[in-house]
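This briefing goes with the sequence and model shown below. The points after the lead sentences are grouped by topic.

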Amino acid sequence: MRSICPDITLRSTFIVGFPGETEEEFEELLDFLREAQLDRVGAFTYSPVEGCRRQRTAGSCAADVQEERLRA
């Protein structure tokens, strides 16, 4: 995209610490962010949503792990 439109601004937002998220998956996200070189990145920690299927099927991620991943 940058070669087509050099003035483009690329941005996205990510959830970290969702139920069942592994360290490997989180590292994959960090690798992507380094490679993508987005101009703006937002992030927030997962918070439970009543009735969410993922919430029922996977173990939750500890709050301290969520905060550590958010800082990263």
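Buried means a relative accessible area under 20%, exposed means over 50%, and partly exposed covers the range in between. C61 has a relative accessible area of 15%, so this cysteine is buried. The model is a predicted one. Its protein chain has 72 residues, and 18% of them count as buried.

**Fold and dimensions**
- The protein chain contains three helices and two strands.
- In sequence order, these elements give the pattern β-α-β-α-α.
- The radius of gyration of the protein chain is 15 Å, whereas a compact globule of 72 residues would have one near 11 Å.
- Along the principal axes, the C-alpha atoms occupy a box of roughly 45 × 25 × 15 Å.
- Among contacts in the protein chain with a separation of 6 or more, 74% are between residues 24 or more positions apart.

**Surface and charge**
- The protein chain has an accessible surface of about 5700 Å².
- Carbon and sulfur atoms contribute 50% of that accessible surface.
- The protein chain carries 14 negative and 9 positive side chains.

**Cysteines**
- A disulfide is a covalent bond between the sulfur atoms of two cysteines.
- Searching the whole structure turns up zero disulfides.
- C5 counts as partly exposed because its relative accessibility is 34%, whereas C61, at 15%, is buried.

**I15 in strand β1**
- I15 lies in strand β1.
- The relative accessibility of I15 is 41%, and I15 therefore counts as partly exposed.
- Leaving aside residues up to four places away in sequence, I15 touches E21, F44, T45 and Y46.
- I15 and E67 are separated by 52 residues in sequence, and their C-alpha atoms are 11 Å apart in space.

- F18 sits in the loop between β1 (11–16) and α1 (23–36).
- With a relative accessible area of 27%, F18 is partly exposed.
- T45, one of the residues that I15 touches, is 27 residues from F18 in sequence.
- From C-alpha to C-alpha, F18 and T45 are 7.4 Å apart in space.

Definitions and conventions
Residues are numbered from 1 along each chain as its sequence is written. This is a predicted model: local features need pLDDT of at least 70, side-chain atom pairs count only at pLDDT 80 or more; totals for chains, interfaces and linings use all residues. Side-chain values use heavy atoms; hydrogens and water are left out. Helices (H or I, at least four residues) and strands (E, at least two) are DSSP runs, numbered from the N terminus. The radius of gyration is taken over C-alpha atoms; the globule rule is 2.2 Å times the number of residues to the power 0.38. Buried means under 20% relative accessible area, exposed over 50%, partly exposed in between (1.4 Å probe, protein chains only). Contact means heavy atoms within 4.5 Å. Accessible areas come from the Shrake-Rupley method with a 1.4 Å probe; for residues, only the protein chains shown count as cover. Lys and Arg count as positive and Asp and Glu as negative; His and the chain ends are not counted. The place of a charge is taken as NZ of Lys, CZ of Arg, CG of Asp or CD of Glu. A disulfide is a pair of cysteine sulfur atoms within 2.5 Å.
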